[in-house]
Amino acid sequence: MEPQSLAFRTRARRAIADPVIATAMQRLETGWQLGRARAAAALPEFDALRDAAVAIKNHALSHLDLYLEAFERRFAERGGVIHWARDAAEARAIALSICREAGAKTVTKSKSMVAEEIGLNPFLEASGLQVVETDLGEYVIQLAGEVPSHLVGPAVHMTRERIAELFAKAHGGPPKQESAALVAEARQVLRRRYLEADVGITGANFLIAETGSIVTVTNEGNAELTQGLPRIHLAITGIEKVVPTVEDAFTLLRLLARSATGQEFAGYTTFLTGPKRPEERDGPQAMHLILLDNGRSSMLGGAMREMLRCIRCGACMNHCPVYLATGGHAYGWVYVGPMGSVLTPQFVGIDKAWTLPNASTFCGRCEEVCPVRIPLPKLMRHWREEAHRRGLAPPTARAGLGLWGFLARRPRLYRLATRAAAALLGALGRRRGRFGRLPLAAGWTGSRDFPAPEGQTFAAQWRARRGGRP
Amino acid sequence: MSEARTAVLARIRAQLARGSEAEAAAVADVAARLGRPTANLVPARGRVAGEACVAQFEAMARKVGTEVERLAGPEAIRPAVLAALRRHNLPMRLVRAADPLLEAAGLEAEPLLEVRTGVPEEADPTGLTVALAGIAETGTLLLASAAERPTLLAFLPETSLVVLPTEAIVGSYEEAWARLRGRPGWPPRSVNLITGPSRTGDIPPSIELGAHGPKRLILFLVDRVA
């Protein structure tokens, strides 16, 4: 997907004016945000588990090559076929050749953000395959021709009425009113798709080096039907997903659902180790795994390494005041919210996404709730600096920052300037005590008054209180 | 080995930039960790035992929408299955695992019940299988694939009936996994941790059951399984 992140401001403005998005975002606050708080409070060890999770991921990442090799060995011993992909194009080509070799016509797919990242669906469809998403949220946005607006709930921005219309158009019949009826209808339609499909594509939440297993997590049970019914199972995931042992995965799993939706554990967590065994009566005949790099390895050596701990729970966006105002589509690419503001510049280039790290108030809630303690504000700041170095922001913003930087480095001049500004504004606003409109500050005064300064500047008051000492 | 593999691994190594001394230590570290998998922090609620463990498991399982029925012994499985089908007004038809516990239950002797063993098909309304462990921490069931226990039994039919010997209830996921480790063919192809029936929140405003997997999960906890 071509990133639209540079249009963040326009897209955000449109989204903020949209009452449907406002209602959806409210649901996130009362649902998943509150749910996470409750789940964390109900488990006294929650914060200690986060520390343990950080240690596991840090260890795995600093030995990534060795764990990937160990994983590969076990995976192959169990009859799995591994495919390494340097970038998105390579991964897409591998996926297509697996489908072609299987003589596939229909492919079912359970939710995979990596597949979104590489634009797998449009590519396979352009190659003549029918691709059917099975996660209900993904299915809905596929029908609508949209992209996910949330990491865990791709269709959180949709109303039931809109979904009913989409279903009526795709499946025929009058639009249903009740959620239960819509779910039942999707169940029936998708059931046929599972049984027709030649290849089932899933993501993987974790890879386990000890056993060569991949782990999928869902609430609907769609991953199990996606990989369990067709002849071929193709999993696709990033290289950073490997952890040493099953025990390590359990520690991360204790955090995943609690952080994501406030559930204590997701409905279905499945450990898959190889294809159907000779004595078994079900399971896929072949199991493939595409291990995608796509720039992840280049994050290992620098500041971005911490981002590779991400377990894709979505807590950062559920708690982000910017995301909760704009929804996911404003971000203009696959990954949204704070984690998206860090990852998008990495994947599509800072020149195509410098707006995103600026879409933050740096309130720090994302870092506060991140189960693997990723310092998201710090990483966004890293991208802001990079964007500034490359001169990507518009000239007015750069000039403003330049002026402020010039003053901030000269304390005496800074104090003089602020004193002058405070005195001027104080004098001008003395009568009303506030300004309804101010030049250069329309962003502020557009929705509220700007208070007129009274008396001394902060620095002057500080000095006075401390008896003349700075 | 592929060109891409070589390239990706080389990029990782270049970024990690371990010296030759650190390299040996890293290899030893990884071998040690993989050779002796150990549990990390297990929350207190996962460190329960005995009847308290069973009680917690039952409570947690009910909380996530699993119907739980405790049976005094394996002989009670047959009447309990029949009663559950009647209670939910379900067709008198099921497909079951060829697990010894279910072989001994004598369901086939029931005149009004149609029973088949093996893999469920689209039209099968109810599947019956056996779980290898119950996890008290979150009321989670651990199922594992085997020749006699097709995975799909707990995923394809709309109603999932599961039998779990009470003695197989443990506190934590780690304990449950430890029961598998080292068995022949370990790890099984598919290990499913199941916590309640299938659900979705994707169509607002409510959580709906039976999105793709079972709408109903009925668990028979069986005491005195030899």
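**Domains, sheets and chain contacts in the predicted model**

In this predicted model, the domain assignment divides chain A into domain 1, which covers residues 1–42 together with 314–393, domain 2, which covers residues 56–297, and domain 3, which covers residues 411–465. The centres of domain 1 and domain 2 of chain A, taken over C-alpha atoms, are separated by 24 Å. Contact between these two domains of chain A involves 27 residues of domain 1 and 28 residues of domain 2, and the area buried between domain 1 and domain 2 of chain A is about 2200 Å², with carbon and sulfur atoms giving 66% of this area. Of the area that domain 1 of chain A buries against domain 2 of chain A, 26% is supplied by Trp32(A), His329(A) and Val334(A), more than by any other three residues.

On the side of domain 1 of chain A that touches domain 2 of chain A, the helices α2 (19–41), α13 (315–318) and α15 (337–348) of chain A each supply at least two residues. The most is given by α2(A), which contributes nine residues to this side of domain 1 of chain A.

Chain A contains an open sheet of six strands, in which the strands follow the order β1-β10-β7-β4-β2-β3 and the pairing is parallel. Because β1 (81–85) and β3 (130–133) of chain A stand at the edges and each has a single partner strand, one side of each is left without a neighbour in the sheet. On average, and with direction ignored, neighbouring strands of this sheet are turned by 20 degrees against each other. Within chain A, strand β7 (residues 232–238) pairs with strand β10 (residues 286–292) in the parallel sense over seven bridges, and Ala235(A) stands opposite Leu289(A) in β10(A). Helix α4 (residues 64–77) of chain A lies across β1 and β10 of chain A and runs at about 145 degrees to β1(A).

A further open sheet, of eight strands and with mixed pairing, includes strands of both chains and has the order β8(A)-β5(A)-β6(A)-β9(A)-β9(B)-β6(B)-β5(B)-β8(B). At its edges stand β8 (242–243) of chain A and β8 (169–170) of chain B, each with a single partner strand, so one side of each is left without a neighbour in the sheet. In the chain A part, strand β6 (residues 213–218) and strand β9 (residues 268–272) pair in the antiparallel sense over five bridges, with Val217(A) opposite Thr269(A) in β9(A).

Between the two chains, 94 residues of chain A are in contact with 83 residues of chain B, and the buried area is about 7400 Å², of which carbon and sulfur atoms give 57%. Across the interface of chain A and chain B, 17 salt bridges are found, including one in which the side chains of Arg13(B) and Glu69(A) meet at 2.6 Å, N to O. Polar contact between chain A and chain B is counted for 50 residue pairs, with both residues at pLDDT 80 or more. Helix α10 (residues 179–196) of chain A provides the largest share of the side of chain A that touches chain B, namely 10 residues.

Methods. Residues are numbered from 1 along each chain as its sequence is written. Chains are lettered from A and ligands numbered from 1 in the order in which they are written. This is a predicted model: local features need pLDDT of at least 70, side-chain atom pairs count only at pLDDT 80 or more; totals for chains, interfaces and linings use all residues. Side-chain values use heavy atoms; hydrogens and water are left out. Two strands pair if DSSP finds at least two bridges between them. Helices (H or I, at least four residues) and strands (E, at least two) are DSSP runs, numbered from the N terminus. Axes are lines fitted to C-alpha atoms, for helices over the stretch in contact, and angles run from 0 to 180 degrees between N-to-C directions. Contact means heavy atoms within 4.5 Å. Domain bounds come from an automatic or database domain assignment. Buried area is the accessible area (1.4 Å probe) that two parts lose on being put together, summed over both. A salt bridge is a side-chain nitrogen of Lys or Arg within 4 Å of a carboxyl oxygen of Asp or Glu. A polar contact is a pair of N or O atoms within 3.5 Å; within protein, one must be able to donate a hydrogen and the other to accept it, and residues adjacent in sequence count only if both atoms are side-chain atoms.
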